[in-house]
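Here is a short briefing for a reader new to this structure. Look over the sequence and the model before reading on.

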Amino acid sequence: MKLAGQAAIVAGGASGLGAAAARHLESLGMNVGVIDLDPVEGLSFARADISDFGQVNAAVIALSERHGAPRLVLNTTGTGGSGLCTGPDAMVDSEVFRRVLLVNTLGSFNLVKAAGEVMAQAEPDEDGGRGVIVNTSSIVAMEGQIGTAPYAAAKGGVNAMTLPLAREFARHGIRIVTIAPGIFETPMFSNARGPMVDWLREQVVYPDRPGKAVEFAEMVAHIGCNAMLNGTVIRLDGAFRVPPGRYDWWER
Ligand SMILES: NC(=O)c1ccc[n+]([C@@H]2O[C@H](COP(=O)([O-])OP(=O)(O)OC[C@H]3O[C@@H](n4cnc5c(N)ncnc54)[C@H](O)[C@@H]3O)[C@@H](O)[C@H]2O)c1
């Protein structure tokens, strides 16, 4: 798929990986619209809470009226919610679990559903394709350390819906791909403090550093161009594997 001149939507594009992807896609000639809670300077914007389908649907329709039906839709919204579930140091209860699922998992579904409806009505390209929707999970979905049960479950849900959605959307010529990042230098990661964060940084194999947001953005652009990438979860992690972690990091 050619990216230049096409419309793109980036949910979560006000910060971190999404902001880098939005700028990169724009530099490749795409007309980028951002959905987020916060506006982003210099880019077309529609506000929506990703966990609310009505808001997401309205934002997708507004941006599509402005720029045309999107050919590339990226979701990088997300939220954490970590801690122990039991004992005197328990921090995770069912409300925390619910919030993490609502933003990460239901939010991903909301954007796929809203964008899929608009994309399915668009004219197909010369290959019969109508574009691609890219979700963002995490390698924590595959090897979550102690204290990450809600986040791991939420991102595991994003991974698990990738293939069934790709199978369903094939009849519209729409691909569905998920990127599972390792650790990337963004506000979400860089502002986190404590022994677990130091330990996470030490686990990187090669390159011996967290990923750069632009490296994530380059992967998004490649997925946009490469029609054979469909129905799959791509680890982008520099061979990073997360060991179990420790209980005492969560003691108060
Ligand atoms: N940074 C990492 O190391 C890393 C690693 C693995 C996975 N991830 C995942 O990558 C994605 C992007 O992470 P990031 O580091 O760029 O985070 P970030 O916090 O910098 O950006 C997230 C963006 O999502 C928006 N957002 C959050 N909740 C929202 C909601 N309810 N509705 C609409 N927008 C909302 C925020 O306003 C923000 O602009 C997330 O899904 C995260 O879980 C990040």
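The expected span of a helix is 1.5 Å times one less than its number of residues. The model shown here is predicted.

**Helix 5**
- At Thr162 helix 5 bends by about 30 degrees. A proline, Pro164, follows within four residues.
- Buried residues of helix 5 include Pro150, Tyr151, Ala152 and Ala154. Lys155, Val158, Asn159 and Met161 are also among them.

**Ser137**
- Ser137 sits in the loop between strand 5 and helix 4.
- Is Ser137 buried or exposed? Its relative accessible area is 2%, and buried means under 20%, so Ser137 is buried.
- The side chains of Ser137 and Asn159 are joined by a polar contact of 2.6 Å.
- Leaving aside residues up to four places away in sequence, Ser137 touches residues including Tyr151, Lys155, Val158 and Asn159. Thr178, Ile179, Ala180, Pro181 and Val233 are also touched by Ser137.

**The ligand**
- There are 27 residues around the ligand. Ser15, Leu17, Asp36, Tyr151 and Thr186 come nearest.
- Tyr151 places a polar side-chain atom 2.6 Å from an oxygen atom of the ligand.
- A polar backbone atom of Ile50 is 2.9 Å from a nitrogen atom of the ligand.
- A polar backbone atom of Phe184 is 2.8 Å from an oxygen atom of the ligand.
- Taken alone, the ligand exposes 830 Å², and the protein buries 90% of that.
- Which elements give two or more residues to the shell around the ligand? They are helix 1 (16-27), helix 5 and helix 6 (187-190).
- Helix 6 gives the largest share of that shell, three residues.

**Helix 8**
- Helix 8, residues 213-225, has 13 residues. From first C-alpha to last it reaches 19 Å, close to the 18 Å expected at 1.5 Å a residue.
- Its buried residues include Ala213, Phe216, Ala217 and Met219. Val220, Ala221, Ile223 and Gly224 are also among them.
- The buried residues of helix 8 pack against helix 1, strand 4 (70-75), strand 5, strand 6 and strand 7.

Technical notes:
Residues numbered from 1 in each chain as written. Predicted model: local features only at pLDDT ≥ 70, side-chain atom pairs only at ≥ 80, totals over all residues. Heavy atoms only, no water. Bend = angle between axes of the 7 residues up to and from the residue. Buried < 20%, exposed > 50% of the residue type's maximum accessible area, 1.4 Å probe, protein only. Near = heavy atom within 4 Å. Polar contact = N/O pair within 3.5 Å; in protein donor to acceptor, adjacent residues only side chain to side chain. Areas by Shrake-Rupley, 256 points an atom, 1.4 Å probe, with all protein chains shown as cover. Contact = heavy atoms within 4.5 Å.
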